[in-house]
Amino acid sequence: MDSLLFNLIWIIPLFTVLACAPIPSHKESLLKTIHAFSGTLVLLLVGYLTYRLYTLGIDSASADSAPLLLHYYMDIPWIHTLNAHYSVGADGLNIFLLFLTAVIVWAGILVSWNIKGNQKVFFALIQLLATSVYGVFMSMDLVLFFVFYEMEALCMYLMIAGYGSGRKDYGGKKLTLTLAFGSSMILATLFGLYFESGINSWSIVELSKITLPMDYQMWAFPLMFMGFAVSSSLFPFHFWSPDGHSAAPTAVSMLAAGVMMKMGAYGCLRVAMFLMPEAAKIWLPYVVALLIFNVVLGPFIALRHKDLKYITAYSSISHLGLIFLGLAAMTPVGLRGASLQMISHGFLTGLFFATIGMIYERTHTRDITEMGGIMRKLPFLGVGFVIAGFAGLGLPGFSGFIAESNIFIGAFQQDSTITRIVTVLAILSITTTAVYILQTANRMLHGNMPAKYATLTDACFREKLVVVVLVTCLLLIGVFPGWIADMLDQSIAPIFSKIGL
Amino acid sequence: MFSIPNFVIPDLLLLLFPFIVIGSRLFCTDRSKAPWRIGNIGFILIFILLNLIPLASGAGRFFITNWHIDDFGVLMREVLMVSAILGIWLAKDYFDHSGDGKPAMHQIAEFIGTVAFATFGGFTVVSACDMLTFFLGLEIATIPMYALAAWNKRDQYGSEAATKYILMGSVATAFELFGFSYLYGFAGSIHFEAIQQAVAAGTSPLLWIAVLFLFAGIGFKLTLFPFYTWAPDVYEGAPTPVTAILSVTSKATAIAFLVVLVYGPLAPIQEQVAPFIALLAGTTLFVGNLGALKQFRLRRFMAYSSIAQAGYIMVALLGPAATAKTAIIYYLFVYAVSNYLAFFIFGIIGHHREETFNSLRGLSKQKPMLAIALAVAMFSLAGIPPLAGFFGKFHLFFSGASTGHYGIVAFAVLNNVLALYYYLQLIKSAWIDETDDHLNPLRMTKRQRGVIGLLTVAVIVLGALPFLSDNIFAGFTF
């Protein structure tokens with residue numbers, strides 16, 4: 001029963017699109033209500049499944065899915081000519097990422113309530129994007145995984161192109177093409193994975209039982225890892241992110257930074273590192289060197305920017321760099337930290353972009369030099385932004401602190417000088433993060449208020465709800481990290497043992 | 001007593017069919033829609049009959065010793081029939097508004113008859129068991145295309161394109177014949193089986209020359225690098241339905257020719273030919289993609305896009321027979337549907353406006369459904385999941401990779417990013433650019449709406465539910 005419900009996670013959004021197709025596009029409020037209802041339904045469903053998984057315990061996983069500890073596991077033949085299966089399942093890591101996605105999608109639907117243009121198409125695209133992200137976090141078959149993974153490119157471009165602001169064509173193309181470049185790097189290696197494995201299978205579960213030939217791993221691992229890292233904006237493939245985010249409408253920025261960038265990190269962990277651990281040990285130290293840009297220089301670039309979305313994009317780049325630091329550490333604590341950071345940063349950046357979008361809707365500018373004193377008029381949104389900022393600089397009490405401290409401890413445990421140096425630099429860079437966040441908050445929220453802002457009104461109930469839910473999630477992980485960390489630890493234990501920790 | 005086996009009934013019907021359609025002109029006026037209706041009924045009937053043919057097991061069946069029908073042949077026939085049916089649907093729009101003062105429906109009977117002949121040529125290619133029939137099939141498929149390309153004979157560009165096409169095509173035919181004659185010289189027989197045995201027994205320079213010329217000849221028809229240069233001009237000069245038929249039927253026939261050749265007489269040396277095929281595939285898709293980058297006229301753009309698609313199809317020829325044939329047939333179905341969808345949309349644009357990217361401006365505001373259909377067609381051609389084009393390309397790459405050609409597969413996959421760029425360029429015109437006031441409004445008939453809706457759904461369903469299309473292959477043996 002539960003595993004059937006599990007499949008509904010991606011079917012409901014798709015079904016919503018089909019159900020809304022016959023409704024004429026001028027009935028906007030009806031359409032929006034249906035989409036909001038569907039988003040809420042999925043959120044409740046994922047919440048229920050997460051709770052089920054928590055009460056059952058990770059250990060009670062389906063025996064078919066060994067060595068992975070997957071619940072709700074299901075594997076049926078799909079495309080015979082390719083030997084692809086419809087194979088889905090979730091362990092602790094997947095279910096939390098799914099929960100994160102459900103929250104962000106729900107919030108994304110609510111914040112786009114007043115988007116300009118053809119709303120019917122926009123909400124249909126959001127639901128399609130949601131389908132693709134849910135699919136990525138559910139699928140355990142590489143063809144299915146890739147189908148969902150690449151599907152996002154289609155929705156992303158149309159949403160940015162049709163509903164974005166500023167240089168939307170440039171930003172949208174840059175984003176879509178860079179992501180497509182990443183996914184074609186992945187696709188190029190997948191065929192090798194299938195034929196070189198010797199068992200002719202696309203199943204992550206099956207492939208994890210064997211050791212892939214070393215000469216294949218040596219060329220495929222860097223390609224695949226970088227392919228996934230493109231969507232997590234690892235240097236030198238970070239350039240799409242600032243332009244893409246700034247051109248995108250609020251909901252797309254939230255989804256892109258909140259969940260889509262996690263898809264890359266998740267793929268690095270679940271596919272690249274898990275299936276090719278031998279090559280990972282050889283190649284990952286080089287990745288650490290790349291991280292100097294992400295975690296150390298990222299905050300400095302953010303410091304120089306005036307556009308709120310650019311600042312947040314560079315802040316995301318630096319936070320995602322930390323995920324890679326945790327992955328590259330290859331220690332249990334580091335991996336736990338990386339997984340926690342994926343989830344924590346999703347909520348964090350969702351909150352960031354949501355408040356920025358709401359402020360932008362009122363002030364019609366994102367340039368912090370033009371703003372000032374808006375705390376007086378928009379106290380609620382101002383506080384929301386400050387909370388997101390504090391969570392972002394890793395203040396204890398919020399989820400960011402838990403994740404980052406785990407990553408730093410894990411990375412420092414690794415017995416390599418370069419990793420330790422990068423770790424120390426990364427810890428120091430938190431200071432820079434604090435500087436740009438406080439400086440932004442100060443310029444935007446305090447000081448003299450331009451006269452044109454005198455008529456601004458604070459958040460309405462819908463917007464308050466979004467902010468409150470996101471802040472609650474951040475605080476819950478920050479204050480009670482134990483249960484989530486335990487579930488993650490158990491879930492990634494098979495990855496540790498495969499890597500040989 | 002000579003009896004006709006039931007599996008050749010569709011072929012014979014198709015052979016008779018042009019005479020029926022053209023003959024119907026004797027009994028109806030020039031403006032009558034009767035020929036078009038007869039054309040529809042006939043093509044759809046043949047398509048249904050093809051589906052009723054019981055599956056052959058293994059080797060297939062023979063009819064008068066040189067007519068051979070196997071499962072690959074039946075599926076290729078279905079692809080060709082789908083293309084013919086969609087082609088005459090598209091032609092209806094063209095003939096409804098035919099230019100230069102001609103009445104509506106003028107000479108549509110001849111048009112349909114010519115399409116039927118071209119399709120029959122394709123049937124012959126996939127049924128041939130000896131070089132003579134093989135060559136005849138290719139010519140029957142090609143010569144009607146020359147006539148079709150010159151359909152609009154008063155049009156300066158149309159005539160220029162047709163002249164170019166016929167000259168290039170004749171040279172290609174000469175290459176082809178030269179190759180065949182050397183192959184005959186090498187093997188001493190025109191029968192495929194005998195050639196295959198001779199090739200398996202050992203190779204000689206004679207054989208390599210033959211292979212080179214055969215590939216060069218078919219390279220013209222399949223628009224492979226460096227023989228693709230005619231395509232953009234002809235695609236642009238010919239009437240829209242002809243361009244669509246050219247890009248699907250003609251390409252399908254040419255690729256069927258290669259499949260028959262590579263997995264028939266040349267099967268023993270497939271491994272030695274593989275680097276050559278990979279080179280042709282790689283250069284063709286790269287050149288096609290590069291060429292498309294800077295185009296702003298819709299049909300020229302589609303020409304380069306279809307050149308690139310030919311390169312992608314070639315990748316599949318590197319694999320073993322069954323995988324490659326599955327991949328190619330699936331891809332051709334998908335390609336036919338996506339390409340026709342694009343041409344239906346461009347046809348509507350072309351009736352009211354100039355056929356350039358600029359005419360697409362503001363489409364998403366004026367006709368949102370048309371803009372969505374366009375995006376679906378383009379993303380499918382670009383190979384973005386969950387649309388059909390992705391699974392088509394995935395099958396092709398799967399086939400290529402199954403024999404370890406990861407290099408060319410990786411090259412093709414990375415090239416896809418280039419392809420995505422220009423497809424996005426077109427989508428951008430429709431979705432982002434503001435409309436111009438001087439653009440004529442677009443009008444669609446109910447039938448056009450219906451066909452575009454049908455094809456859009458087909459692209460989505462063929463992709464999103466590949467297990468449906470999978471059933472096409474259930475029980476077939478290649």
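## Chain B as a whole

A residue is called buried if 20 or more other C-beta atoms lie within 10 Å of its own. By that count, buried residues make up 58% of the 478 residues in chain B. The model is predicted.

Chain B has 19 helices and two strands. Its radius of gyration is 21 Å, close to the 23 Å that the globule rule gives for 478 residues, so chain B is as compact as a globular protein of that length. Along the principal axes, its C-alpha atoms fill a box of roughly 70 × 55 × 45 Å. Of the contacts in chain B with a separation of 6 or more, 78% join residues 24 or more positions apart.

## Where the chains meet

Chain B brings 32 residues to the contact, and chain A brings 29. On the chain B side, the elements giving two or more residues are α15 (368-382), α16 (388-401), α17 (406-431) and α19 (466-473). α17(B) gives the most, with twelve residues. The chain B side divides into 24 nonpolar, six polar and two charged residues.

## Helix α17 of chain A

Helix α17 of chain A covers residues 417-445, 29 residues in total. From first C-alpha to last it reaches 42 Å, close to the 42 Å expected at 1.5 Å a residue. After α17(A) comes A:G447, with a positive phi near 85°.

The buried residues of α17(A) include A:T419, A:V422, A:A426, A:Y436, A:I437 and A:L445. What do the buried residues of α17(A) pack against? Their partners in chain A are α11 (277-304), α12 (308-329), α14 (374-377), α15 (379-392) and α16 (399-413).

Note on methods: Residues numbered from 1 in each chain as written. Chains lettered and ligands numbered in written order. Predicted model: local features only at pLDDT ≥ 70, side-chain atom pairs only at ≥ 80, totals over all residues. Helix = DSSP H or I, 4+ residues; strand = E, 2+ residues; numbered from the N terminus. Expected span 1.5 Å × (residues − 1). Buried ≥ 20, exposed ≤ 12 C-beta atoms within 10 Å, placed from the backbone. Contact = placed C-beta atoms within 7 Å. Nonpolar A, V, L, I, M, F, W, Y, C, P; charged D, E, K, R; others polar. Rg over C-alpha atoms; globule rule 2.2 N^0.38 Å.
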